[in-house]
Amino acid sequence: MAILMPRIVQAKLILRRSLSNGRNNTYMAIPKGHFAVYVGEQEKKRFVVPVSLLCQPEFQELLNQAEEEYGYNHLMGGLTIPCSEDIFIDLASRLHAL
């Protein structure tokens, strides 16, 4: 059983997400000033985050990793980030993207 820090629990509640592995085809609108990213090692989860993350060097490093691993062809329709969900949530909360 994992122990979650309060800010990660809060981040999970604030970040809007939906399963995007084909089982749930519900359309989720993306608000103006936000974009969708898919995060996870095996089962990808969709997060809607503010575009202000694009200016952050830590997030830019994730984008570089995504480019190296996936290139520019993201089959899920959004940006796919090659890291675990917990790492992404922690980074987003540290960058005040929540």
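User: Helices (H or I, at least four residues) and strands (E, at least two) are DSSP runs, numbered from the N terminus. Where does Ser 84 lie?

Analyst: The model is predicted: local features need pLDDT of at least 70, side-chain atom pairs count only at pLDDT 80 or more, and totals for chains, interfaces and linings use all residues. Residues are numbered from 1 along each chain as its sequence is written, and side-chain values use heavy atoms, with hydrogens and water left out. The position of Ser 84 is the loop between β4 and α3.

User: In what order do the elements of the chain run from the N terminus on?

Analyst: The chain has 3 helices and 4 strands. From the N terminus on, their order is α-β-β-β-α-β-α.

User: Is Ser 84 buried or exposed?

Analyst: Buried means under 20% relative accessible area, exposed means over 50%, and partly exposed is in between (1.4 Å probe, protein chains only). The relative accessibility of Ser 84 is 15%, so this residue counts as buried.

User: Which residues beyond four places in sequence is Ser 84 in contact with?

Analyst: Contact means heavy atoms within 4.5 Å. With neighbours within four places in sequence left aside, the partners of Ser 84 are Val 39 and Glu 41.

User: How far apart are the C-alpha atoms of Gly 40 and Glu 85?

Analyst: Gly 40 lies in the loop between β2 and β3 and is buried, with a relative accessible area of 5%. Not counting residues up to four places away in sequence, Gly 40 touches Ile 81, Cys 83 and Glu 85. Along the chain Gly 40 and Glu 85 are 45 residues apart, but the separation of their C-alpha atoms is 5.1 Å.

User: What share of the contacts with a separation of 6 or more comes from residues 24 or more positions apart?

Analyst: The chain has 98 residues, of which buried residues make up 39%. Among contacts with a separation of 6 or more, the share from residues 24 or more positions apart is 55%.

User: Which residues is Val 37 in contact with beyond four places in sequence?

Analyst: Val 37 is one of the residues with the most contacts inside the core. Leaving aside neighbours within four places, the contacts of Val 37 are Lys 45, Arg 46, Phe 47, Val 49, Phe 59, Leu 79, Ile 81 and Phe 88.

User: Around the axis of α2, how wide is the arc that its buried residues cover?

Analyst: The buried residues of α2 are Phe 59, Leu 62 and Ala 66. They lie on the same side of α2 because the arc, taken from the directions from the helix axis to the C-beta atoms, is only 50 degrees.

User: What do the buried residues of α2 pack against?

Analyst: The face of α2 turned away from the buried side carries the exposed residues Pro 57 and Glu 68. On the buried side, the packing partners are β2, β4 (79-81) and α3.

User: Why is the pair of Phe 35 and Phe 59 classed as it is?

Analyst: Rings of Phe, Tyr and Trp (its six-membered ring) pair if their centres lie within 6.5 Å; planes under 30 degrees apart count as stacked, over 60 as edge-to-face and the rest as tilted. The structure holds 3 aromatic pairs. The ring centres of Phe 35 and Phe 59 are 6.1 Å apart and the planes stand at 70 degrees, so the pair is edge-to-face.

User: How many residues apart are Phe 47 and Phe 88?

Analyst: Phe 59 counts as buried at 1% relative accessibility. The rings of Phe 47 and Phe 88 have centres 5.4 Å apart and planes at 50 degrees, so this pair is tilted. The pair links strand β3, which holds Phe 47, to helix α3, which holds Phe 88, and their separation in residues is 41.

User: How many disulfides does a search of the whole structure find?

Analyst: Cys 55 counts as exposed at 61% relative accessibility, whereas Cys 83 counts as buried at 8%. A disulfide is a pair of cysteine sulfur atoms within 2.5 Å. The number found in the whole structure is 0.

Technical notes: Core = buried A, V, L, I, M, F, W, Y, C linked by side-chain atoms within 4.5 Å.
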